[in-house]
Amino acid sequence: MALQLYLGYAIASLVATQLMKTNRSMNLVALSHVLACIALAAYSLNIGPAHYYDKNFLIDTLSVYEIFITGTIFFFAIIYAGGHAERLIDLGLMDKKNLKPYYLSLNCLLMFTVLSFASNNLALFWIFVELTTFFTAFLIAILNSKKNVDASLKYIFVTSTAMLFSFTGLILLFALSESATGKGTLNWDELLANAHSFPPVFLTAAFAFTFIGFAAKSGVAPFHTPLPHAYSKAPSAVSTIVSAVMLNLGMTGILRIYAIIKQTSAGPAASNLLIAFGLLSLFIATLSMLHQRNVKKLIAFSSTEHSGLMLIGIAIGTPIAIFWVLFHMLAHALIKAVLFLSTGIIQRQYNTNNAGKIINIFKMQPLAGTGLILGSAAILGMPPFILFLSKFSILTQVAAYSIPLLFVMLLFLLIAAAAFTNLLSEIFSHTEEVKMERYNAPKRMTAPIVILLVLIFVLGIYVPNDLYVFLTKVVSDLKF
Amino acid sequence: MISAALAYSITQALLVLVLITGAFIVTRKDLLSLVSTYQMQSLLLAGIALTLYSVEESPMLLSLAALTLISKVLVIPYIIKKIQKQINIPRDVEFHYISPIASIFITIFLILIVYGAFTNILKDLALSSLFYLGAVFGISLTLMGMLITFSRKKVITKIIGYLTMENGVLLFSLFITELPFIIEVLILVDLFMIVLLATILAIGMDSSIEAFQERFQHLHIEDLQEKLHLHRKHGGAN
């Protein structure tokens, strides 16, 4: 019943948003929708996951985990969006009449993300992921700028084109299960149970096709091209959601499909494919980061870098590696939220993302400046922040798998660190006086940054034992 | 009812025609004829589904043909033509990276690669030669659509490319397996939404209408930056 109740609430909040008039009331409705999503995760955890809602929907441990991360990120992003939208309207960057579509799309995006995580059927997963693409594209285009429309169209075409290849993969998978078991199916659980009887060459082809779409969704190179534009043009709350939640959505798809193919003799081929794309992502992302002067684009490329890291973690495929990839999804999402929300305030202060034009940041925007510097340290994997644990552990697993691979990865990660240091030192060295009115960001925009900073610090030094136990269960449920 | 052998030869002929429409779309500049070609291509697909129905008599194929006819031959082209009138650009002369002749060669090359690659993959399915041909043509059409999506500049042409890709996927699924009807409907819903959003956004991008340009220009971020810059300069002078 829980999923149906959630769905009912989501639809009710859409109707309520349609009836509301002010920013504050629409924001509150969206926030209550987020709480309903977190409640769904908490309830499912409580009754013990692997809960079926007819055979097409299943909330298992992985779904609970992902829905929980989604809820957390949306929670902060929507609180922030309340203050941010007002500023965008004041500046004339957003049309006042677009406020309602903005909140409606945020609600729809959350609803379809939750539904994708709760889908047991691959075709359903596919359509929900496509719907998230639709609403993401809409949210990117919501500002009154031709560049936003351009970024949005690029996002639609690259992601949807890639997703059509995924669909081709699904057709192959369906045909495969039909010829192997006599009855065609696209349900995760049935595919996972029958994986051993699938012919390997055919399965590899299906995997490769399906991978393309989900890779585009999670910003894996070479499908990452629209993301830097999209992230830098979209409102910061939207960039946060796309970078933190949509990336996880794609990764979850890849993880589930890989869990299936891992059971067969085609496992090593798929693993090599993932490593190749992982390395390519690291290579392209870090080199693009090096000469980057736009803060938001730098952070966007860093998402591609982390996708690469996670892909390699999945490819190694030991239970420990998968455990830390899952942990990395949480860590990456939280830190990306800090970074994008901070740059959102900086962008509204200086009306630019260009490092050269951000002057005297500690005087103008001390909190956003702190968020940017601590967030950057955290995303590079420095202790004592949360990402250090997962990055270090994934690299340890890589070391056990192949030393040359480790060295290549370390080289790329070093380049990424250099890129961040380079840009930050430029921003923080502009300390001359500026005659500019200080933008007083409302508490709704600053509080999420503070709370997230505390969170990534605390989780870096103390990881609750329950989380360890839970993630171990997720890994074993995926049959790794 | 026609005999199976005749139905299969008709299907074969239709398949070749579909591929020709694909090649036509890859090379054409005239936007209106692009839409008409897409319409023709979808009609051919509906024809293939009908011909297969006459042999296999699966109701799924019949509903698929009807669905294709309504959505892709009538509704979607109608929407695009309407938007095209609004944008008022008759030709897409900007080929992004490759010339029409080069695209034809790339297309032929793509078909050969797909043919080679699928020999290995599809052998487990034990398809008959016609079904194998259909699957290969489907993937080739998908790749041709992708070629259009990424080599043209105008959004409307990109949309036609995306639609062609989707037709390729439909063709592929027709010959590989019988998907549940609901999945075919879902992909169509997706197609509608993406096309609608992209065409609406295209008005902003492709438009030659002054008003749109002005509106977008007026609210450009760059303008704000410039104002800010001036403001700063002003402050400095004081």
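Q: Is Glu190(A) buried, partly exposed or exposed?

A: This is a predicted model, in which local features need pLDDT of at least 70, side-chain atom pairs count only at pLDDT 80 or more, and totals for chains, interfaces and linings use all residues. Residues are numbered from 1 along each chain as its sequence is written, chains are lettered from A and ligands numbered from 1 in the order in which they are written, and side-chain values use heavy atoms, with hydrogens and water left out. Buried means under 20% relative accessible area, exposed over 50%, and partly exposed in between (1.4 Å probe, protein chains only). Glu190(A) has a relative accessible area of 25% and is therefore partly exposed.

Q: With which side chain does Glu190(A) meet in a salt bridge?

A: Side chains of opposite charge can pair when their charged atoms come close. The criterion for a salt bridge is a side-chain nitrogen of Lys or Arg within 4 Å of a carboxyl oxygen of Asp or Glu. Glu190(A) pairs with Lys183(A) at 3.6 Å, N to O, and Lys183(A) is exposed, at 52% relative accessibility.

Q: How many salt bridges does the structure hold over all chains?

A: The total is nine. Among them is the pair Asp95(A) and Lys97(A), whose closest N and O atoms are 3.3 Å apart. Asp95(A) is partly exposed at 25%, whereas Lys97(A) is exposed at 62%.

Q: What is the angle between helix H2 and helix H3 of chain B?

A: Two packed helices are described by the angle between their axes and the distance between the axes. Each axis is a line fitted to C-alpha atoms over the stretch in contact, and angles run from 0 to 180 degrees between N-to-C directions. Helix H2 (residues 31-56) and helix H3 (residues 59-87) of chain B pack at about 175 degrees, with their axes 8 Å apart. H2(B) is therefore roughly antiparallel to H3(B), a label for angles over 145 degrees.

Q: Is Leu191(B) buried or exposed?

A: Leu191(B), in helix H7 (residues 181-206) of chain B, is buried, with a relative accessible area of 0%.

Conventions:
Helix = DSSP H or I, 4+ residues; strand = E, 2+ residues; numbered from the N terminus. Parallel < 35°, antiparallel > 145°, perpendicular 65-115°, else oblique.
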